[in-house]
Amino acid sequence: MTPIVDIEKIRTDFPILSDQIFGKPLIYFDNAATTQKPRCVLDKMTELYTTQNANIHRGVHHLSQLATAAHESARQTVADFIHANDAKEIIFTRGTTESINLVASCFSELCQADDEIVITQMEHHSNIVPWQMVAERKGLKLRVVPIDKKGDLRLDELEKLLNERTKMIAVTHVSNVLGTVNPIKKITALAHTQNIPVLVDGAQSVAHLPVDVQDLDVDFYVFSGHKIYGPTGIGVLYGKTAWLDKLPPYQGGGEMIENVTFEKTTFNKLPYKFEAGTPDFIGSVALATALDYISNIGLEQIAVYENELLAYATERMQAIPNMKIIGTAATKSGIISFQVGNIHHYDLGMFLDKTGVAIRTGHHCAQPLIESLGMTGTARISFALYNTKAEIDQFIEHLEHCISILN
Ligand SMILES: *Cc1c(COP(=O)(O)O)cnc(C)c1O
């Protein structure tokens, strides 16, 4: 395997990275919130609106057919990227949040009162609230798998929670706060011995490590375009055909129908059954462009490179007095949450911003996790393939300066 060779070349693909913030070079360390976009994605969107804009699956005319072909080809690119068995297992949504809401809403129709859904202590609000909402409506119970001190899932506790009432396990692949990479294969193997399906929130994993949904044996896998160098407003739901066939439709409207009369409607086949309304074909094609872009660099290479950044940053940060890193699992992705002495995370974020460093502060949409750690929030840095050790050195210098002012 060849390493990422030319990081400086990669950086020039991202126009925003040459920006200045308050006269300082931008150091963008908030990639877990959203990633920047390479020029090929930006150009693709302009090109499509300029030369190929039409409504898909509807027109007999040339432009509509071009747009339809582009959308369906994007679906195949997504399927190939995550190694799905068939492109019809790829449903385009608005993002991770909508994908989970779709599954929670439709899946709950197959459940009965007192059935149980298992989630974990480290879930993002997107993988808590939709389940809570359907639990309330259908009388289901939510069970929560705890984590240990390092931020690893307690698999022994997960095993104890499973019983004949358990209908679904919904778990994140990578924690957006702790950086923990969860052992998905172990979880699906355990779940499937009891015929329980597993939904994996891939928002923080799909851009940072190779994902093979068949090898992981996940029943549902979801992610957002904007966290994988694609545009906002487009996302993916992967589901095994058998499960997607079993679920009732989500929203009603155009595209998802086969035949409509005022008395009765029959529904379209997969994947269209779940894509009501005009699909965002500009979004899907731009997402496919982003996936092609990182496939060319190589997901293995990206994972190795970002792990180097993680190790280097962790080592440098640990040398700072009163530094506490939150999340020290053995297998982590490029996310570091931290607290320095009694300095408020928000103050750190504000001061670092003035030095051109973009970090995240607060509860990171994982309030139950943060509160269970006895905190109100953390400061968080998170890496993407275009970050460098030189940026980490700059960040450490700025951080030490901020600490000296705030202490
Ligand atoms: C960002 C994120 C989400 C939500 O993604 P949206 O793009 O806001 O729908 C869900 N889960 C995790 C782990 C995330 O990091």
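**Exercise 1. The second largest pocket**

Task: In this predicted model, find how many residues line the second largest pocket and which of them lie nearest its centre.

Solution: Start with the lining, which counts 17 residues. Nearest the centre you'll find Phe92, Thr93, Glu98, Glu275 and Ala276. Next, get the volume: about 230 Å³ for the second largest pocket. Then look at which elements contribute. Strand β4 (90-93) and helix α4 each supply at least two lining residues. Finally, sort the lining of this pocket by class, and you get seven nonpolar, six polar and four charged residues.

**Exercise 2. The largest pocket**

Task: Work out how much space lies in the largest pocket, and which residues are the closest to its centre.

Solution: The space in the largest pocket comes to about 290 Å³. Its lining has 21 residues, and the closest to the centre are Gly95, Thr96, Thr97, Ser126 and Ser224. Now check the secondary structure: helix α4 (residues 96-108) gives the largest share of this lining, with four residues.

**Exercise 3. A pair of rings**

Task: Describe how Phe107 and Trp243 are arranged as an aromatic pair.

Solution: A ring pair is described by two quantities, the distance of the centres and the angle of the planes. By the pairing rule, the model has ten aromatic pairs. For Phe107 and Trp243, the centres are 5.7 Å apart and the planes make an angle of 55°. Where do the two partners sit in the chain? Phe107 belongs to helix α4 and Trp243 to helix α9 (residues 241-246), so to speak a link between distant parts of the chain, 136 residues apart. Both Phe107 and Trp243 are buried. While you're looking at rings, pick out the aromatic cluster formed by Phe14, Tyr229, Tyr293 and Tyr386.

**Exercise 4. The setting of Thr188**

Task: Is Thr188 buried or exposed, and what does its side chain reach?

Solution: First place the residue: Thr188 is in helix α7 (residues 184-193). The relative accessible area of Thr188 is 2%, and the cut-off for buried is under 20%, so Thr188 is buried. Now follow the side chain of Thr188, which reaches the backbone oxygen of Lys185 at 3.1 Å. To finish, leave out residues up to four places away in sequence and list the contacts: Thr188 touches Val198, Leu216, Asp217 and Val218.

Note on methods:
Residues are numbered from 1 along each chain as its sequence is written. This is a predicted model: local features need pLDDT of at least 70, side-chain atom pairs count only at pLDDT 80 or more; totals for chains, interfaces and linings use all residues. Side-chain values use heavy atoms; hydrogens and water are left out. Buried means under 20% relative accessible area, exposed over 50%, partly exposed in between (1.4 Å probe, protein chains only). A polar contact is a pair of N or O atoms within 3.5 Å; within protein, one must be able to donate a hydrogen and the other to accept it, and residues adjacent in sequence count only if both atoms are side-chain atoms. Contact means heavy atoms within 4.5 Å. On a 1 Å grid over the protein atoms alone, a cavity is a set of points where a 1.4 Å probe fits but cannot get out, and a pocket is an open set with protein on both sides within 12 Å along at least five of seven lines; lining residues have an atom within 4 Å of a point. Grid points are joined across faces, edges and corners, and a volume is the space filled by probe spheres set on the points. Ala, Val, Leu, Ile, Met, Phe, Trp, Tyr, Cys and Pro count as nonpolar, Asp, Glu, Lys and Arg as charged, and the others, Gly among them, as polar. Rings of Phe, Tyr and Trp (its six-membered ring) pair if their centres lie within 6.5 Å; planes under 30 degrees apart count as stacked, over 60 as edge-to-face and the rest as tilted.
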